[in-house]
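Reader: Please show the model first, and then take the questions in order.

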Amino acid sequence: MTPQPTIPAYFIRKAVDLAASGGADLTYPLSMADIATSILDDPTKRLTTEQVTSFTKAVWAMTGDELFGLAAVPVRRGTFRVVCQTLIHTENLSAALTRMSETMRVLIPVQPMMLNRTEDSTVLTVHVHATNDLSAEANELAERLLTDFLLILLHRFAAWLIGNRVKLLSVQLPYEFPGSEAAKMYDAIFGTRVEFGTDRATLEFDNAVMRAPIVQTEDTLAEYLAESPNLLFSSRDYDSTASSQVRRALETGFKGGAPGTEAIAEMLNISPPHLRRVLRQEGTSINQIREEVLRDAAISGLSRGDSVDDISTRLGFSEPSAFRRAFKRWTGQTPSAYR
C-alpha cells in the first residue's frame, strides 16, 4: 500500500479550540476519527488523511454546514456538489472558475470568491466572514481556518479539473506570520512561498494554466465527490516538482526496495548532481524526502494497528530496534508511546 502524506495535528487542534470557545463539543468527530485529545496536545504529532477525512465528515454531519458552522452564512450540505455540476462541462479552467464564482453568488448569500484578470495572470480572491456568535479572538481564528480551507480546496480542485499541476504565481494570506515552522507547512501546501499580513486572501494563476481544458467528466466528478474530502487532503496537486517525483519514486519502491539516488535520477532523465541541485533549490534532499516517506508509512501502519515488527520489516529496517530509534528521531516519541 502506497503511504499517504500525513497532516500536522496542529490544524485539528485549532479547530477543536475554536469549537470549544463557542461552546461546541467535538468529542464525537474526534472519536469517529480515532483521534485522542492527547495527540492534539503534542505539536510533533501527525494524523493520517483518513483520520482528518473522518473528522471532517463527522463535523459536516454534526453542523449540517459545509463550512462547519463557522461562516456568517451557513452553507447547506450538497452546495459544493451543485456548484461542481454546473461547471463540469465548461471549456477550460478560466471558464470553470468563472462559473463557480457566479454559481456561488446565487447559492450563497455572500460573495465568497471573485476573479480579476490582467494580461498575464488571474487573481482569485476569497472573502470570508465568520459568524458573530464568537468572541473577536475566536472570530479571527474562524476566518483564518475558513480561508485556509477554501484556498486549499480551490487550488486542489482546479488541479483535479485539468488533471495537471496548477503552479501558483503567488499566495497571499491576510493574517500575521505564524512562525517559521508553520510557514513552511503553508509553502509546502501551496507549492510556493506564501506572503502573510496582506489585505486580502488570494491565489494568483498564470493565464496559461487558465486556458487548460477541463478533462474531467460527470462520472469522474461523481467519484471525486464520493471520496470528498479525502482527495483534498491526500492529493499532492498533480505535482511535477522534483521533490514530489522523488517522493513518488520512493513510495512505489517499498515492495521491491527503495531506489537510490542514481536510480531516481535515471527515472527522471537527469544526472544525480543535477537532481541534488534541484532538490536543494526546493529546500530539501533525497534523504529528507526518504525520511518523510518512511515516517508517513510508519504512522499509517501504527494507526491501522500493525505491529512494530511488521512495520519495521515492511520499511526495510534491519531490526525493530533500528526502526524504534528512527521513529523517535522523526516524532520525538517511541512507536508505543505514539500509538
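**A loop residue, helix contacts and aromatic rings**

Author: Val75 has its place in the loop between helix 4 (49–63) and helix 5. Helices are DSSP runs (H or I, at least four residues), and strands are runs of E of at least two, numbered from the N terminus. This is a predicted model, in which local features need pLDDT of at least 70 and side-chain atom pairs count only at pLDDT 80 or more, while totals for chains, interfaces and linings use all residues. Residues are numbered from 1 along each chain as its sequence is written, and side-chain values use heavy atoms, with hydrogens and water left out.

Reader: Is Val75 buried or exposed?

Author: Buried means under 20% relative accessible area, exposed over 50%, and partly exposed in between (1.4 Å probe, protein chains only). Val75 has a relative accessibility of 6%, so Val75 counts as buried.

Reader: Which residues does Val75 touch, not counting residues up to four places away in sequence?

Author: Contact means heavy atoms within 4.5 Å. With residues up to four places away in sequence left out, Val75 touches Gly64, Asp65, Glu66, Leu67 and Ile108.

Reader: How are helix 5 and helix 6 oriented to each other?

Author: Axes are lines fitted to C-alpha atoms, for helices over the stretch in contact, and angles run from 0 to 180 degrees between N-to-C directions. The axes of helix 5 (residues 79–87) and helix 6 come within 9 Å and cross at roughly 140 degrees. Angles under 35 degrees count as roughly parallel, over 145 as roughly antiparallel, 65 to 115 as roughly perpendicular and the rest as oblique. Helix 5 and helix 6 are therefore oblique.

Reader: How do the residues of the contact of helix 5 with helix 6 divide?

Author: Helix 5 contributes Thr79, Phe80, Val82, Val83, Thr86 and Leu87, and helix 6 contributes Ala96, Arg99, Met100, Thr103, Met104 and Leu107. Ala, Val, Leu, Ile, Met, Phe, Trp, Tyr, Cys and Pro count as nonpolar, Asp, Glu, Lys and Arg as charged, and the others, Gly among them, as polar. The contact residues divide into eight nonpolar, three polar and one charged.

Reader: Which residues make the contact of helix 6 with helix 7?

Author: The axes of helix 6 (residues 93–107) and helix 7 (residues 136–162) come within 10 Å and cross at roughly 135 degrees. Helix 6 and helix 7 are therefore oblique to each other. On helix 6 the contact residues are Leu93, Ala96 and Met100, and on helix 7 they are Leu154, Phe157, Ala158, Leu161 and Ile162.

Reader: Why is the pair of Phe157 and Trp160 stacked?

Author: Rings of Phe, Tyr and Trp (its six-membered ring) pair if their centres lie within 6.5 Å; planes under 30 degrees apart count as stacked, over 60 as edge-to-face and the rest as tilted. A search of the whole structure finds 14 aromatic pairs. For Phe157 and Trp160 the ring centres are 5.6 Å apart, and the pair is stacked because the planes are at 20 degrees.

Reader: Which residues do ring pairs link into a cluster with Trp160?

Author: Trp160 is buried, with a relative accessible area of 7%. Trp160 and Tyr224 form a tilted pair, 4.4 Å centre to centre with 35 degrees between the planes. This pair links distant parts of the chain, with Trp160 in helix 7 and Tyr224 in helix 10 (residues 218–227), 64 residues apart. Ring pairs join Trp160 into a cluster with Phe80, Phe157 and Tyr224.
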